[in-house]
Amino acid sequence: VAKPSELTPRTASILAEIIDSVGLPKGVFNLVHGLGAEVGAALTGHTDVPCISFTGGTATGKIVAATAAPMFKKLSLELGGKNPAIIFADCDFEKTVQGVVRAGFLNQG
């Protein structure tokens, strides 16, 4: 089950469409949308969910970890990190640096 950020849901919806188009059996990939405090919390605290992978901010990660720990769930947290950027020699360097810096903070978890 995947629950994308409510700020950037479209990418996950496109992934679900691609998975459906290639014929992956129903139920192998399930996508749910909603607010983290509601849908994410329900998934995290559900006894039938044995593992959690969370990418986002440290405050929310602390809540996810506190919920998962008493149930001994497998847990992976990616908190406050930044994705790498590959910058090619033929780019407009100043414009690229501005874009990378903006991207690093615009949708931070």
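1. Let me start with Phe72, which is exposed at a relative accessible area of 75%. (Buried means under 20% relative accessible area, exposed over 50% and partly exposed in between, with a 1.4 Å probe and protein chains only.) Phe72 sits in the loop between α3 (58-68) and β2; helices (H or I, at least four residues) and strands (E, at least two) are DSSP runs, numbered from the N terminus. The phi of Phe72 is near 55°, a positive value in a residue other than glycine. For background, most residues other than glycine have a negative phi.

2. A word on what you are looking at. This is a predicted model, in which local features need pLDDT of at least 70 and side-chain atom pairs count only at pLDDT 80 or more, while totals for chains, interfaces and linings use all residues. Residues are numbered from 1 along each chain as its sequence is written, and side-chain values use heavy atoms, with hydrogens and water left out.

3. On confidence, the chain has a mean pLDDT of 91, and 94% of its residues reach 70 or more. (pLDDT is the predictor's confidence in each residue, from 0 to 100.) Confidence is highest in α2, at a mean of 96, and lowest in α4, at 86.

4. Helix α2 (residues 36-45) holds Thr44. Thr44 counts as buried because its relative accessible area is 9%. Leaving aside neighbours within four places in sequence, Thr44 is in contact with Ile52, Val64, Thr67, Met71 and Lys73, where contact means heavy atoms within 4.5 Å. The side chain of Thr44 also reaches the backbone oxygen of Gly40 at 2.8 Å. That pair falls under the polar contact rule: N or O atoms within 3.5 Å, where within protein one must be able to donate a hydrogen and the other to accept it, and residues adjacent in sequence count only if both atoms are side-chain atoms. Pro25, by contrast, is 19 residues from Thr44 in sequence and 24 Å from Thr44 in space, C-alpha to C-alpha.

5. Val39 is also found in helix α2, and Val39 is partly exposed, with a relative accessible area of 22%. Not counting residues up to four places away in sequence, Val39 touches Lys3, Val32, His33 and Gly34. How far apart are Val39 and Lys3 in sequence and in space? They are 36 residues apart in sequence and 7.8 Å apart in space, C-alpha to C-alpha.

6. Helix α1 (residues 10-21) contains Ser13. Is Ser13 buried or exposed? Ser13 is buried, at a relative accessible area of 17%. Beyond neighbours within four places in sequence, Ser13 is in contact with Leu31 and His33.

7. How many salt bridges are there? The count comes to three, taking a salt bridge as a side-chain nitrogen of Lys or Arg within 4 Å of a carboxyl oxygen of Asp or Glu. In general, side chains of opposite charge can pair when their charged atoms come close. Glu6 and Lys3 meet in one of these, at 3.3 Å from N to O; Glu6 is partly exposed at 41%, and Lys3 is partly exposed at 23%. Arg10 forms a salt bridge with Glu17, with their closest N and O atoms 3.4 Å apart. Arg10 is partly exposed at 49%, and Glu17 is partly exposed at 45%. The side chains of Asp20 and Lys26 meet at 2.7 Å, N to O. Asp20 is partly exposed at 44%, whereas Lys26 is exposed at 71%.

8. Lastly, please have a look at the nonpolar surface patch. Ile87, Phe93, Val97, Val100, Val101 and Phe105 make up this patch, with about 520 Å² of accessible area together. Patches are made of residues with over 30% relative accessible area and no salt bridge, with like charges joined within 9 Å and nonpolar side chains (Val, Leu, Ile, Met, Phe, Trp, Tyr) within 5 Å. Accessible areas come from the Shrake-Rupley method with a 1.4 Å probe, and for residues only the protein chains shown count as cover. Ile87 has its place in the loop between β2 (74-79) and α4 (93-106), and Ile87 is partly exposed at 37% relative accessibility.
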